[in-house]
Amino acid sequence: MSEQQPAAAGQVTAEQVTVVPVAAQQVTAEQVTAEQAQVFADEVGDAVRYERGLAVKCLFCVLLVAVILALRVYFFG
Amino acid sequence: MTDLLLAVKSLLVAFVLLGAVPLLVANYQFLLVGLHFRRLHYDRCRPFFPRTAILIPAWNEEAVIGTSIDRLMLLDYPRERLRIYVVDDASTDATPDVVLAKAAQYPGNVTHLRRDKGGEGKAATLNHGLAEILADDWMQAILIMDSDVIYERSSLRRMTRHLADPGVGSVTAYIKEGSRPGNYMTRFIGYEYITAQAAARRSQEVLGVIACLAGGAQLHSRANVEAIGGRVDTTTLAEDTVTTFETQKGGRRVIFEPHATVWAEEPGSIVALWKQRLRWARGNVQVTRRFKSVWFRTQPNNRLGSFSFGLLWFCLLLLPVFMLAASGSLVILFFIDYQLAWTAFHILWLTNVVTYIFITSYTLVIDPAIGRHTWKEALLFPGLVNVAILVAAVLPGPVTWLGHELAAAAGVGVTPGWIRGIELFTYIWLSACMGVAFLGKVTESRRLGRFLGPLFVYVGGYGPLLCAITTAAYVKELRHAEATWDKTEKTGKMVVPT
């Protein structure tokens, strides 16, 4: 998940678009309410992990800047 | 006389250092992205599927409208809770036929609304549809989108779940550039959209205020649409930004859902980009004026007046002014105090190095998939010459050695005069890069334009090109030039990655 947006899980693939009949894609309001609770929980979990991952990536990038500056000062003053 | 000279020098140094302010603010903005996980709205969400009207303004969209409707019908959303309203703005192509065919294919889901008198702009077209949709009480939420954008199946439901919180007025999604194979321009835009949307909107959420709902992905609750008057602004070129501000002024929250992805086809040429961005930049100038009572003034029910948000807004809006002031001041300082100019430039450029490394590296990992596709444009975003100056700032020894070697190979002796000439060129380049990028627009439609246009953008920089467009917007606004709605041409050559 750290390398891929969680949105990928819901992306429309070429196969879905061309192979799955339109009627089969339909979902009723009742089905949605029952089925989507778990999907919702999973997606939110993925999203929260992704957002936390961005904090870690931010720290790595700050570290990268610090290392480059330190090397610059060390070698070239 | 000495005091006067000292005062002038101090003022010039201040102008140079002022050029570092937008860079520092950009770093601040990106650091805020790392705190976004603390401001997520999911604890107030739940699976929520309001009856949603999808409003699509369309003028001569035969190439894209049919596919857009088909893809909307594939959304992972209860179909009986979706209605698509295409407002055909007096199209002269086959748009009405395509929409009517789709209305027959999806009975009850697609409605064709025709404006007999068109050409009044997107806002007027939207208002035609809004009046129709608000006329009955079926609609609980409305999604305003562009005719060419493609929603991923999960995107709408990922947006509507935020409307379960009655305090939320609007939700926007993450727009990604989807032209494939695309070209250098669409790759620049693809990278820019990570910074301007995925990053900037996250940081704005941390600050508690969103600057603009993406025009192609604006979801509003019915209550919000009614509260802002049931129509969008027609007096500016940035109706989406006005809607965003009005929503928040009314105390309703605007949410950016970064995991709802919408793909859009963006301009593939400098001229098309110029037309689109000039409209946006002029719209931003108009919005700045319209909401002049908001800036830097604490509001009881929103954060539009916060210092941080004002800083972000004005640093972006005034970036060309900062660049011109820093460059001009360095050139004057060069002639009256060479050493002081060099010192001031070093401080400015050190800030630039930090900003470039931090923002480029972070942007590429915020959205790694787009980052892999656009990494070359990411590295060359400031322009080839500016990148060379940045490299020289980080590696002064090797670059100086290389310069001497190249000069020796060319049989040229490196004299102090040469070195000073290069330094003066560097100071001038800080603003001249905008002009060079602008040359790309001038030459694009001429002989050898297919070669020269990209060359000027790569050398001058995509960022400086955007600054040149903002400068043009200032001029247009100062001259009170006519504000026309120039539509961005779409071809339908967009592929949603699998």
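Which residues touch the most other members of the largest nonpolar core? I put this to the model, which is a predicted one, and found that among the 142 residues of that core the answer is Ile54(B), Leu55(B), Tyr85(B), Val262(B) and Leu330(B).

**Entry 1, the core.** I then looked up which element supplies this core, and helix H13 of chain B, residues 338–366, gives the most to it, with 12 residues. Domain 1 (37–309) and domain 2 (315–478) of chain B both contribute residues, so the core lies between the two domains.

**Entry 2, Tyr85(B).** I picked Tyr85(B) from the list of core residues that touch the most other members and asked what it touches, leaving aside residues up to four places away in sequence. The contacts I noted for Tyr85(B) are Ala53(B), Ile54(B), Leu55(B), Ile56(B), Thr111(B), Leu113(B), Gly129(B), Glu132(B) and Ile133(B).

I counted 19 helices and eight strands in chain B. Its radius of gyration is 24 Å, close to the 23 Å that the globule rule gives for 498 residues, so I can call chain B as compact as a globular protein of that length. The C-alpha trace of chain B spans about 80 × 55 × 40 Å along its principal axes, and 51% of the 498 residues count as buried. Looking at contacts in chain B with a separation of 6 or more, I noted that 82% of them join residues 24 or more positions apart.

In helix H3 of chain B, residues 65–73, I found that the buried residues are Ile65(B), Gly66(B), Ser68(B), Ile69(B) and Leu72(B). These cover an arc of only 165 degrees around the axis, which puts them on the same side of H3(B). I followed what the buried residues of H3(B) pack against, and the partners in chain B are strand S1 (52–58), strand S2 (82–88), helix H4 (95–105), strand S3 (110–114) and strand S5 (150–151).

S1(B) and S4(B) run parallel and are joined by four bridges, and I noted Thr52(B) standing opposite Ala141(B) in S4(B). With strand S7 of chain B, residues 218–221, S4(B) pairs in the antiparallel sense, over four bridges, and there I recorded His220(B) in S7(B) as the bridge partner of Ile142(B).

Terms used: Residues numbered from 1 in each chain as written. Chains lettered and ligands numbered in written order. Predicted model: local features only at pLDDT ≥ 70, side-chain atom pairs only at ≥ 80, totals over all residues. Core = buried A, V, L, I, M, F, W, Y, C linked by C-beta atoms within 7 Å. Buried ≥ 20, exposed ≤ 12 C-beta atoms within 10 Å, placed from the backbone. Helix = DSSP H or I, 4+ residues; strand = E, 2+ residues; numbered from the N terminus. Domains from an automatic or database assignment. Contact = placed C-beta atoms within 7 Å. Rg over C-alpha atoms; globule rule 2.2 N^0.38 Å. Arc of directions from axis to C-beta. Pairing = 2+ DSSP bridges.
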